Number of protein chains: 2
Amino acid sequence: MRPETIENYLKTIYNLSSNNTAVVSNQKIADKLSLNPATVTEGLRKLHELKYVVYEKSYGSRLTAAGSKLALDIVRRHRIWETYLAKELGFGWDEVHAIAEELEHVNNVKLINKLASILGNPTYDPHGDPIPDAKGKIQKSNFIKLSETKVKGNYKVMGVTDHSPTFLKYLEKHELIIGAGINIKTIEDFDNSIILVCQKKEVSISPKAAECIIVQTI
Amino acid sequence: MRPETIENYLKTIYNLSSNNTAVVSNQKIADKLSLNPATVTEGLRKLHELKYVVYEKSYGSRLTAAGSKLALDIVRRHRIWETYLAKELGFGWDEVHAIAEELEHVNNVKLINKLASILGNPTYDPHGDPIPDAKGKIQKSNFIKLSETKVKGNYKVMGVTDHSPTFLKYLEKHELIIGAGINIKTIEDFDNSIILVCQKKEVSISPKAAECIIVQTI
DNA sequence: TTATTATTTTTGGCATACCAAAAAGATAAT
DNA sequence: ATTATCTTTTTGGTATGCCAAAAATAATAA
């Protein structure tokens, strides 16, 4: 397998299994990578042989220790580049993902560590995702989805789970950027929209959007 | 053909035809890209079909206008990255080539122009090679190889044609870096070595090395 | 000019990464 | 429990990028 192919699979499995324990389905991998399910079946069989994943037929896959290590490395490269593009080169948070998607495959430890060092070894990227350190260690957090908040009150936007320019521009329009404080007022009985105040303006967030916004209680 | 494959061929043809008029042989391309000659024949046939090169069987190849445009774009990306790595990220001139070799394939105009702008739109890279501007325009120069100098006298090191770390480290040891002034004393009758003074020290340069050093009369 | 050497091309083959369609297997719904 | 549906796997097939060895062609030397 080509390194790039391996990297794309491992990164995707890592991202889809969030806590890195859950088993990931072929379909979800196929969707994320825009591949035919048949291709994914084949890919996973090979990754299993390479001992990067444990793949159980008709059940799902999860990363081995070796796979996890590699995945964390790619995730680190991706997120360091995203941060560098945003902070040092002036790109918008809706632009950085696509460029980092290509830059991440350039495998040069010294380069990534240099960029990280210039940025002050950040632990979070522009989307609020944690950046693994050079050893693959990731900072734990107690963030939850906006859709999972159980009580009214004050929260802070910590990240997003959808990196599409469309979604990010939508958030920006409502000033729902990383670090913004929000106050949850109520939840519409009719469609479960969340009514909240952000930057003194009342906004209605659809359940679908709330799924993609990460917050923390304050 | 994959974009990366196309880019590698076009860049190589461009570099080997120097003034961009000379016809390039398959063998030279095969050598530079570490490919079997059979593969190159096949590659050129495809590039001819794609109208990036004019390829005449058993004769050689040259770039079309379209091929030249693309080649200049890749050369620009490569040299901008080399300069950025050296000037902004602190890499040595013997390290930048290998990293730029990978970074050059990331095709994002805004990114390259941003890097160029940060660098002050440089016209030469750390090896003294000219950097095409965003429109593909390249600065002409009257540089010659050290091996082609006809008279004794004062010159200035303007570039190198060999980017291997081995060669570059050798030059650095003798302080023969870009911009250094040199004074050619004599040429050994025995082996055509060039005896010159650089940074007040006398150095003997072999004909092979002299082939790879670009200078300008001062 | 003919022989020798070097280069280029052809031929046949291999590995990778993909897909479409059919078959098998799992899940959910009635 | 038996459809119906969705997911996964198998099967057969394509395109790309590569190589080794043989054949053809060009260049060079005798």
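**Sheet, dimer contact and DNA surface in a predicted model**

In chain B, six strands form an open sheet in the order β3-β8-β4-β5-β6-β7, with antiparallel pairing. Here helices (H or I, at least four residues) and strands (E, at least two) are DSSP runs numbered from the N terminus, and two strands pair if DSSP finds at least two bridges between them. The structure is a predicted model, in which local features need pLDDT of at least 70 and side-chain atom pairs count only at pLDDT 80 or more, while totals for chains, interfaces and linings use all residues. Residues are numbered from 1 along each chain as its sequence is written, and chains are lettered from A and ligands numbered from 1 in the order in which they are written.

The edges of the sheet are β3 (144–145) and β7 (201–205) of chain B; each has a single partner strand, so one side of each lacks a neighbour in the sheet. For β3(B), antiparallel pairing with β8 (residues 213–217) of chain B runs over 2 bridges, and B:I144 stands opposite B:V215 in β8(B).

The loop between α6 and β3 of chain B holds B:G128. This glycine, B:G128, counts as buried because it has 21 C-beta neighbours inside 10 Å (buried: 20 or more other C-beta atoms within 10 Å of its own; exposed: 12 or fewer; partly exposed: in between; C-beta atoms placed from the backbone). Beyond its neighbours within four places in sequence, B:G128 is in contact with B:M158, B:G159, B:V160, B:I178 and B:I214, contact being C-beta atoms, placed from the backbone, within 7 Å.

The contact between the chains takes 9 residues from chain B and 9 residues from chain A. On the chain B side, α5 (96–103) and α6 (109–118) each supply at least two residues, with α5(B) giving the most, 3 residues.

Finally, 17 residues lie around DNA strand C, and A:R2, A:N36, B:S25, B:Q27 and B:A38 come nearest (near: C-beta atom, placed from the backbone, within 6 Å). Two or more residues each come from α3 (37–49) of chain A and from α2 (26–33) and α3 (37–49) of chain B.

Terms used. Two residues are in contact if their C-beta atoms, placed from the backbone, lie within 7 Å.
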